[in-house]
Amino acid sequence: MDPKHVIICRCSDVTLADLIALFEQGYQTFEELKRIKRVGMGPCQANTCGKMVQWEISKYFNQPLEEVPFHNMRPLTMGIKLKEIMEAKNREE
Amino acid sequence: MKNKADYVIIGGGISGCAIAYHLADFGAKNIVVIEKEYLTSGATGRCGAGIRQQWGAKMNCLLAKKSVEFFEKAQEILAYDGDIEFKQEGYLIVGSDQEEDMVFKTNVALQNALGIPAKRLTKEEAKQIVPYLNIDNVYSATFCPTDGHLNPFTTTDAYYKAAKRLGVTFYTYTEVKDIVVKDSVIQKVVTTRGDIETGVVINAAGGWSKAIGQMVGIDIPVYSENHEILVTEPVEKMQGPMVISFSKNIYCQQTPHGAFIMGRSDPDMPEGLDVSSSHQFLDAMAKTVTELLPPVGELRVIRQWGGLYNMSPDHQPIISGTKKLPGFYMACGFSGHGFMLAPMTGVLLAELILGKAPTMPMEELSLERFDGKQVITKEKSVV
Ligand SMILES: Cc1cc2nc3c(=O)[nH]c(=O)nc-3n(C[C@H](O)[C@H](O)[C@H](O)COP(=O)(O)OP(=O)(O)OC[C@H]3O[C@@H](n4cnc5c(N)ncnc54)[C@H](O)[C@@H]3O)c2cc1C
């Protein structure tokens, strides 16, 4: 299949062709890729594309999959409305 | 790895990359940038990337203004193949009381005198600019239409690529462990991947700049502290300018990509290198933003993180050499606003290193300005 038509990250609309273009320019780690292309930075926080990105890095750079660092996970694990956070806090007080 | 260089820059944030680019652009050769992780892994990739000229201290105003002039043309000057996403829709600074309004008056007078097109607004005028602003607890505001926002990753990438084309060498995932000095002459930089002989070292290590100074026995009067920030899901455009308030302790911006980023400071934050996230920040941020900008409260937070402000005694940067050690230069102490100043950081330090006439006087940016002196003008317009 044409890498241009393989969607890796649905949230940020990143294709396999985009990833390969970045690999060719020398961006090699998940942390670098996500900062240039926002891959894995959308609402799902790489829950969908994370493994695929790791896999593609592994394939392109001939690096064993278990040695490809996963991206830095940060809170929150799911989106919550700011207002709901405020209301929850108000209820506690 | 190279074992010799004419210039070694420590730090691959916006400052290190801008300094590398301007040095190379002035014709300097054999420049190496060393970054312990990846480019933008420090404060640069964690920042709000707001671009503001409305400052209370003269040097900050001047540096920011001249930097904006560069950013307006950066895409072309740096011949970047990506998009630095410069959005110039202003900063709306809102104040809470008459006292703050008096400060606004003084600041705007200074800004106008320096050619910055800021103006004072009534709260009703502020509401015209951001219609959903809750003005119940707002007294007055100021606005500068040429302030804005950039994408910190692609802006750094633009400097990086331009510098690389001019021959600069970048070593990422390489840490500087020591700097060897003999008889007040810099000999070499010791890294995790080998030594580099050099006579010139540039400390652009952000939150870690004090430790780099210690390697050569220079005490830089800076400290670091964690500042937290969050981002929401991307939504259709709803807010043009950055909304910021010093008294309400908030800044909140919608990026061109659609996500909102916002932050506030914790006055009790201890000094140190910790960058962890806290639920206390999330609670306080949610409350502050929902009160001031109610519709933003409807958005989902998707991520929060922390980053380091590197604080100087007067909250203005240190862009300087030092008489104590020729060949040692520094760009640090940006006190939470070093992203927006990067073009001038790069130009001024490159001029100083290469012995060129400075674009603007630099005494008030020197390390020596703190020697045994009281801090006279301290920047107070900070979140
Ligand atoms: C939450 C937050 C919001 C902010 N908002 C804004 C804003 O809206 N506008 C603005 O202008 N500024 C803002 N700032 C400030 C801004 O991020 C910084 O002033 C700026 O990014 C500093 O850039 P730098 O290149 O000097 O430092 P950094 O980006 O921190 O770069 C220093 C680099 O040096 C590297 N390093 C350190 N020690 C070593 C070593 N021994 N060997 C090799 N490498 C080393 C680090 O890994 C790091 O990448 C904000 C900061 C934070 C934390």
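**Figure 1. Burial and overall dimensions of chain B in the predicted model.** Of the 383 residues in chain B, 61% are buried, where buried means under 20% relative accessible area, exposed means over 50%, and partly exposed lies in between (1.4 Å probe, protein chains only). This is a predicted model, in which local features need pLDDT of at least 70, side-chain atom pairs count only at pLDDT 80 or more, and totals for chains, interfaces and linings use all residues. Residues are numbered from 1 along each chain as its sequence is written, chains are lettered from A and ligands numbered from 1 in the order in which they are written, and side-chain values use heavy atoms, with hydrogens and water left out. Chain B holds eight helices and 19 strands; helices (H or I, at least four residues) and strands (E, at least two) are DSSP runs, numbered from the N terminus. A compact globule with 383 residues would have a radius of gyration near 21 Å, and the 20 Å of chain B agrees with this. The radius is taken over C-alpha atoms, and the globule rule is 2.2 Å times the number of residues to the power 0.38. Along the principal axes, the C-alpha atoms of chain B fill a box of roughly 65 × 40 × 40 Å.

Figure 2. Among the contacts in chain B with a separation of 6 or more, 74% are made by residues 24 or more positions apart; contact means heavy atoms within 4.5 Å. Chain B exposes about 14,700 Å², and carbon and sulfur atoms supply 52% of this area. Accessible areas come from the Shrake-Rupley method with a 1.4 Å probe; for residues, only the protein chains shown count as cover. The 37 positive and 44 negative charges of chain B have mean positions 4 Å apart. Lys and Arg count as positive and Asp and Glu as negative, while His and the chain ends are not counted; each charge is placed at NZ of Lys, CZ of Arg, CG of Asp or CD of Glu.

**Figure 3. Helix H7 of chain B.** This helix covers residues 279–292, and its 14 residues should span 20 Å at 1.5 Å a residue; the end C-alpha atoms are 20 Å apart, which agrees. The expected span is 1.5 Å times one less than the number of residues. Buried residues of H7(B) include Phe281(B), Leu282(B), Met285(B), Val289(B) and Leu292(B), together with Asp283(B) and Thr288(B).

**Figure 4. Overall form of chain A.** Chain A contains four helices and three strands, arranged along the sequence as β-β-α-α-α-β-α. Its radius of gyration is 16 Å, well over the 12 Å that the globule rule gives for 93 residues, so chain A is more spread out than a compact globule. The C-alpha atoms of chain A fill a box of roughly 55 × 30 × 20 Å along the principal axes. Of its 93 residues, 41% count as buried.

**Figure 5. Backbone features in loops of chain A.** Asp13(A), in the loop between strand E1 (7–9) and strand E2 (14–15), has a positive phi near 60° although it is a residue other than glycine. Asp13(A) counts as exposed at 56% relative accessibility. Arg38(A), in the loop between helix H2 (30–37) and H3, is not a glycine either, yet has a positive phi of about 65°. Arg38(A) is partly exposed, with a relative accessible area of 23%. A cis peptide bond, with omega about 0°, joins Pro75(A) and Leu76(A); Leu76(A) lies in the loop between helix H3 (50–61) and strand E3 (80–81).
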